[in-house]
Amino acid sequence: MSTISTDSGHGGPAQDERPYHEQYHAAHHFRNRDHEFDAVKMGVWLFLATEILLFSGMFCAYAVFRMLHPEAFINGSHYLDVEYGLINTLVLLLSSYTVAAGVRCAQVGDLRGLKRNILITLVCGVAFLAIKGIFEYGPKAMQGKLPGVFFSYPNAHDPNEPLWWGVYWVATGIHASHVIVGIGLFIWLYLRANKKHFGPRHYTAVEGVGLYWHIVDIVWIFLFPMLYLIH
Amino acid sequence: MSTIESLPTGHAHDHHDASYLTPKGGFWTTIIDWATTVDHKKIGVMYLVAILVMFFLGGVAALAVRMELFAPTAFEAGGVIKNQVLTGDGLAGGYQNYNRVMTLHGLIMVFLVIVPSVPASLGNFLLPLMIGAKDVAFPRLNLASWYIYLFGSMFAILAVLLGGVDTGWTFYTPYSTTTDAEYWRVVWMVLGAFILGFSSIFTGLNFVVTVHKLRAPGMGWFDMPLFVWGIYGAAVIQVLATPVVGITLLLMIFERLFRVGVFDPALGGDPVLFQHFFWFYSHPVVYVMILPGMAIMSELIAVFSRKKIFGYRAVAFSSLAIAGISFIVWGHHLFTSQGPVGAAVFSALTFLVAIPSAVKVFNWIATLYKGSIDLKTPMLYALSFLFLFSIGGLTGIYLGALSVDLQLHDTYFIVAHFHYVMMGGTIIAFVGGIHMWWPKMFGRMYNEFWARIGWAFVFVGFNVTFFPQFIMGSQGMPRRYADYVDEFTIYHVISTVGSWLLLVGFLIHLFVFLHSLVAGKKAPPNPWGALTLEWTHTGPTPIEHNFHHEPVVTHGPYDYDDVPPPQTRPGEFPMPDPLPEGAERH
């Protein structure tokens with residue numbers, strides 16, 4: 001939908017010198033940019049609803065298994081490092097702030113600020129994955145704290161611990177895959193911001209990706225206490 | 001009404017005036033144009049073709065199942081005397097093939113045919129036209145949804161080519177997570193269903209936003225054709241229910257690949273959780289299947305009885321009520337596997353669905369009352385829907401009643417019930433809808449005589465096939481069995497003969513459609529004298545951007561008493577006589 005209206009037939013200048021976000025009209029089936037912005041924003045919100053439902057299935061499974069095997073889950077959460085979970089929570093909270101600040105920068109036309117904020121968010125996303133991978137996933141995999149049949153940790157206290165690790169790996173893994181998608185989106189946003197695609201009258205993509213990133217954050221805000229904090 | 005300038009008047013000014021079907025160039029250019037199009041009409045047509053091909057495949061599987069049951073392997077003095085259609089290595093091999101073909105029929109018909117059937121084909125084509133939009137809100141997402149549908153179908157077909165799965169379309173665990181251990185067939189099939197879910201979500205999301213944001217000026221919520229309301233209700237369910245089956249199938253794939261154990265009791269998991277998850281999606285999706293059928297019904301009934309739909313708001317709101325209630329009744333699929341309290345609650349909630357469904361049926365019947373009914377093929381299908389859906393719906397009440405269901409659970413009564421709803425409802429409405437909008441989609445009329453003959457075969461064949469299944473189900477014939485005791489022979493034989501009648505009926509329809517494409521009469525812009533925008537504001541087939549100008553809506557979609565249909569010859573659709581002073585029109 002990022003087409004520039006060139007065949008509008010109003011006899012405009014052949015070479016339009018205005019930046020992209022000034023030239024941008026709207027996709028042909030929308031009346032104007034605001035109309036398009038409203039529609040896209042509604043679409044993103046609906047998409048976020050599907051994300052919430054996707055994760056709610058995971059939360060539901062967590063609740064059921066916690067009820068079935070409380071000891072395994074209480075014991076399991078003691079294996080997790082609250083420090084790294086907390087650091088990652090702070091990293092994501094910071095990125096949520098910067099992405100919101102980025103939308104504001106786009107609204108007021110501060111392209112340098114926008115790029116800076118996108119970059120910080122991007123780094124936060126990578127940092128989250130790095131901390132998770134290096135300090136949590138890696139050591140746990142080495143110790144055999146893996147889901148299901150791959151579980152080989154010798155000092156397990158409860159026969160149902162493989163199931164706990166199944167829930168842990170699947171829940172955080174799906175979340176991590178969302179973070180990876182988010183990083184890809186921020187690279188795309190950065191490249192477009194570099195080409196001066198965004199401005200006060202056209203920042204739909206920044207807003208949409210920002211909303212997506214917030215939901216990735218919120219899911220973690222729920223995963224963190226569920227997995228790390230409830231003993 | 002400013003309709004005149006939007007009609008192609010013989011000579012095209014430029015490519016903007018040409019029908020959307022006009023080729024853009026040579027053969028390859030046209031192929032590439034269709035493959036990369038973001039035009040909702042072309043995507044709808046491509047979906048229609050794909051769905052009909054899949055319907056044929058699923059139908060062949062159904063015929064094979066019926067052939068097996070026509071005369072299953074029989075025993076005589078300890079030896080096998082007949083080994084029927086679905087042969088294999090020995091008796092067990094033959095039964096396994098039966099299970100695979102039966103599963104194939106279910107999977108194809110549910111995931112590849114009925115769920116996308118009406119929304120993705122007719123819905124895609126008609127929804128923007130009906131609300132006066134140039135396209136759906138996200139045209140590229142729409143194209144993506146089409147390719148995702150193809151991609152997911154490929155995985156499903158891959159699973160079939162590798163030998164098929166025998167889990168039943170419901171993939172119940174732990175059987176589905178432990179069977180077929182050395183092969184990847186179940187994984188491919190489940191992955192296919194998972195991917196198809198995205199296609200479904202994208203279509204639904206697109207439609208919800210389109211209805212909210214792209215209605216033409218003058219078209220309020222209650223000026224929309226009821227088709228749009230039905231599709232809207234289904235789209236809401238698609239968006240909100242499909243993610244849950246997404247996580248379910250994802251967990252199942254992990255379960256198969258890594259044995260994480262969430263659904264495996266041997267590893268501490270809970271197979272009933274799978275059933276809850278699965279039906280939390282798959283029950284609402286039953287209404288994704290039926291609501292678009294009901295959407296078509298409202299149009300067919302109103303247009304072919306030339307009468308304002310009775311109780312517009314009741315029909316519209318009942319679509320939303322069905323969508324809402326659909327989310328709280330999934331437990332009636334688990335009457336035998338959940339506790340008694342849950343079962344009683346879900347039984348009570350299930351009865352609620354009957355209310356909005358009945359509201360629709362009664363309103364359609366009231367619309368027929370004193371209408372000038374025109375028994376064209378679409379109307380014949382609409383009346384069939386009323387008949388068959390009523391049977392299917394009422395038997396659903398039996399099954400929702402807890403005590404009765406424990407008797408009828410997993411018998412052919414269930415099979416007959418959901419075929420009366422899914423096929424007698426959705427597919428019948430779908431075929432009726434294809435006939436009604438065929439001229440608009442392809443610019444040509446179909447042969448009315450032969451289409452009616454086809455309808456007669458389908459209607460009779462359907463009842464011959466499925467009514468005996470009610471009887472044998474109530475007598476205890478279990479579903480999904482490849483064999484049965486002799487008492488059930490007569491019912492199975494009748495049922496199989498019915499399936500042949502159905503085959504003949506659908507082949508006649510296929511012939512009628514192909515004949516129409518090759519040699520059909522050119523269609524006028526509005527052959528049925530309908531009043532919705534796709535008929536009144538476009539030519540025989542719509543132009544690429546649907547309308548030359550954004551249409552301004554000046555009358556309701558069913559105001560047959562007050563508005564002469566444009567583009568029709570004088571006298572073709574006469575206005576009713578004026579009413580005497582003080583009289584009310586119903």
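## A salt bridge near one end of chain B

In this predicted model, Asp33(B) forms a salt bridge with Lys24(B), the closest N and O atoms being 3.6 Å apart; a salt bridge here is a side-chain nitrogen of Lys or Arg within 4 Å of a carboxyl oxygen of Asp or Glu. Buried means under 20% relative accessible area, exposed over 50%, and partly exposed in between (1.4 Å probe, protein chains only).

Asp410(B) is partly exposed at 38% relative accessibility, while Arg479(B) is buried at 17%.

## The salt bridge between the chains

Over all chains the structure holds 13 salt bridges. The pair that crosses between chains runs from Glu550(B), in the segment after helix H16 (533–536) of chain B, to Arg31(A), in the loop between helix H1 (20–23) and helix H2 (33–68) of chain A. The side chains of Glu550(B) and Arg31(A) meet at 3.2 Å, N to O, and the rule finds one salt bridge across this interface. Glu550(B) is partly exposed, with a relative accessible area of 38%, and Arg31(A) is partly exposed as well, at 40%. Side chains of opposite charge can pair when their charged atoms come close.

## The interface of chain B and chain A

Contact, taken as heavy atoms within 4.5 Å, joins 40 residues of chain B to 36 residues of chain A. The area buried between the chains is about 3100 Å², of which carbon and sulfur atoms give 76%; buried area is the accessible area (1.4 Å probe) that two parts lose on being put together, summed over both. In chain B, Lys213(B), Ile247(B) and Val260(B) lose the most area to chain A, together 17% of what that side buries.

Seven residue pairs, both residues at pLDDT 80 or more, are in polar contact between the chains; a polar contact is a pair of N or O atoms within 3.5 Å, where, within protein, one must be able to donate a hydrogen and the other to accept it, and residues adjacent in sequence count only if both atoms are side-chain atoms. The elements of chain B that give two or more residues to the side touching chain A are helix H4 (139–161), helix H6 (185–213), helix H7 (226–258) and helix H8 (271–304), and H7(B) gives the most, with eleven residues.

## Confidence and conventions

The mean pLDDT of chain A is 89, and 94% of its residues reach 70 or more, pLDDT being the predictor's confidence in each residue, from 0 to 100. Over residues 1–13 of chain A, however, pLDDT stays under 50, and the model has 17 contacts beyond four places in sequence for these residues.

Residues are numbered from 1 along each chain as its sequence is written, and chains are lettered from A and ligands numbered from 1 in the order in which they are written. Local features need pLDDT of at least 70 and side-chain atom pairs count only at pLDDT 80 or more, while totals for chains, interfaces and linings use all residues, and side-chain values use heavy atoms, with hydrogens and water left out.

Notes: Helices (H or I, at least four residues) and strands (E, at least two) are DSSP runs, numbered from the N terminus.
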